[in-house]
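Colleague: Hi! I've just opened this one and I'd like a guided tour. Please start wherever you like.

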Amino acid sequence: MSLLRYCTAGLAIALSACAPALETTASAPAPVAAKAEVEPFVIAANPLAAQAGMDVLKRGGSAADAALAVQTMLSLVEPQSSGVGGGAFLNYYDAQTGKITIYDGRETAPAQASRTMFLNESGEPLGFREAVVSGRATGVPGAIAALGMLHEEHGVLPWNSLFDAPIRTAEEGFVISPRLGRFLGIEFPQLSQPDAAAYFARPDGTRKQAGDRLVNPEYADFLKRLASQGTDALYRGSTAAKIVQRTRAAPLGGSMTMADIEAYRPVKREPVCGPWQVYRVCAPPPPSSGAAMIELLGILDRTDIGTRGPDDPQAWYLFAEASRLAYADRDAYFGDGDFVEVPVDGLLDPAYIDARAALIGAKAAESVKAGNPAGAKMAVTDMTREPAGTSHFIVRDAHGNVLSITTTVESIFGSGRMVDGFFLNNQLTDFSFNPLQANGDEAPNAVAPGKRPRSSMVPLILLDADGQFAGAIGSAGGNSIPAYVGKTLVAAVYWGMPMQDALAQPNLVARGNRYGAETDRFDPAIVAGLAERGIVVTPGQGEDSGVHGVLIRDGKVDGGYDPRREGVVLVGTP
């Protein structure tokens with residue numbers, strides 16, 4: 001079986017110590033008795049990945065079992081978004097106890113990482129296109145370690161029985177989907193890297209496109225070793241050595257060592273939770289942006305957005321202004337909570353949220369600044385870029401255990417460098433390139449050895465008043481993730497839409513003085529109404545949203561997949 005590699009909050013293991021976990025912001029419910037059987041389901045961004053997970057559930061597997069099949073298939077068929085060379089936040093609901101546990105599988109900076117490693121010889125920040133494909137961009141992968149720990153604690157089926165579908169698909173090949181084909185038609189810098197160029201090349205040297213078959217025997221061989229050796233297949237031996245070699249190679253080679261990889265440990269943390277409508281919403285603590293997500297929902301709850309609807313420009317205006325307030329706080333204060341003090345309790349204090357909501361006026365504010373919550377140090381100017389290259393999936397098994405997981409290789413195709421058939425992440429470019437603020441203070445999200453970069457990923461789980469599972473949601477989209485998730489919850493809960501209809505609502509991302517939107521999806525009257533209120537929307541950028549969500553309504557599964565991707569909702573029988 002896999003080597004157990006993790007930290008429990010407060011316990012030091014291997015080369016680094018794990019700081020105490022943040023306390024929840026709402027008291028945990030009393031243990032609840034799980035129903036004997038419920039409808040299992042899998043919601044994922046690719047049908048092959050969702051089916052791999054459902055096949056495991058049909059064999060009597062748990063959510064923890066199915067998640068490994070989903071993730072290792074996504075690494076193959078959706079390589080632009082996530083993979084075994086990346087990281088993840090896992091939000092897990094145990095139906096027997098009613099307890100929620102966060103498994104933090106965010107990548108870490110190597111022990112020799114420098115706070116100035118994304119500065120050039122003149123002391124100026126590197127250009128993003130240069131940094132993203134550099135060896136310095138890659139952090140120690142964490143997704144497989146976190147999933148391994150989850151399986152150690154909640155798996156039912158043997159580890160070596162969970163990888164048959166992705167192994168078979170890698171050996172036999174799969175047809176490149178329209179979405180993957182679309183990304184292969186864009187000149188991302190990663191696709192010019194030798195590894196990516198060779199992987200996607202046709203025999204005549206041209207790049208593969210949608211409809212072509214893609215085989216990956218190297219990945220199949222790696223998965224066979226992962227099945228037989230457990231997580232050691234990634235964190236020790238030949239694959240780890242190849243990761244070191246590829247990340248230390250020019251241009252701008254990194255400092256990762258075998259010791260860094262072997263020492264990686266995911267961290268078990270307590271969730272950050274808060275009340276919203278009839279739910280208790282739980283999310284990962286920093287470096288995730290979960291607390292800012294809960295703050296956004298709290299601000300919205302202090303407006304009349306719930307009495308309005310999708311055809312009312314005022315509703316979208318309120319959403320935009322609330323988003324700007326929450327983003328301002330997130331951008332100013334968030335980083336790795338094991339390294340910096342993030343004022344989570346202050347941000348979620350009801351009086352503070354009252355004060356933030358009161359700032360929403362009749363027209364958009366000329367500028368929005370971070371507030372001054374209890375426990376906050378001086379607010380800083382954010383200098384972090386976070387591209388969109390991520391995937392979210394949700395699994396519930398027949399016993400009611402649920403996993404809501406957001407997983408990523410960071411940018412599109414990660415760094416463009418590959419090892420054993422999978423892409424390596426460029427997660428360290430989620431750090432602030434400039435470690436210092438204008439006043440000379442250290443940036444909360446500056447690079448440091450062993451540190452996890454700030455993340456916008458917010459895999460949520462919703463509980464009802466009795467502590468029973470009531471829903472889950474999360475998204476891809478880099479910095480836009482909280483806005484994508486927030487929009488969907490507004491439509492599904494405040495406006496009562498079926499989840500699939502809520503997901504289809506147009507996206508609006510208001511952060512600072514930028515208002516990105518799916519202008520072609522909005523009614524022109526909404527766009528005009530927003531402009532009258534001082535919000536001029538422009539077409540958004542990036543990978544688009546990738547929200548997957550589910551609510552339990554009257555005991556029934558109301559799940560949906562983002563129509564902007566190729567997802568699917570599979571629901572089994574109890």
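Colleague: Is R356 buried or exposed?
Modeller: R356 counts as buried, with 5% relative accessibility. Buried means under 20% relative accessible area, exposed over 50% and partly exposed in between (1.4 Å probe, protein chains only). Keep in mind that this is a predicted model: local features need pLDDT of at least 70, side-chain atom pairs count only at pLDDT 80 or more, and totals for chains, interfaces and linings use all residues. Residues are numbered from 1 along each chain as its sequence is written, and side-chain values use heavy atoms, leaving out hydrogens and water.

Colleague: Which side chain does R356 meet in a salt bridge?
Modeller: D329, at 3.3 Å from N to O. A salt bridge needs a side-chain nitrogen of Lys or Arg within 4 Å of a carboxyl oxygen of Asp or Glu. R356 sits in helix α15 (residues 350-357) and D329 in helix α13 (residues 313-333), so the bridge ties together parts 27 residues apart in sequence. Helices (H or I, at least four residues) and strands (E, at least two) are DSSP runs, numbered from the N terminus. D329 is buried too, at 0% relative accessible area.

Colleague: New topic! How many disulfides does the structure hold?
Modeller: One. It joins C273 to C282, with 2.2 Å from S to S; the cut-off for a disulfide is a pair of cysteine sulfur atoms within 2.5 Å. C273 is buried, at 0% relative accessibility, and C282 is buried at 0% as well.

Colleague: Why is the disulfide called right-handed?
Modeller: The torsion about the S-S bond of C273 and C282 is about 110°, so the disulfide is right-handed.

Colleague: What stands opposite C282?
Modeller: I461 in β14. Strand β9 (residues 279-283) and strand β14 (residues 460-463) pair in the antiparallel sense over three bridges; strands pair if DSSP finds at least two bridges between them. Both belong to an open sheet of six strands, in the order β8-β9-β14-β15-β19-β20, with antiparallel pairing.

Colleague: Which are the edge strands?
Modeller: β8 (272-276) and β20 (556-561), each pairing on one side only.
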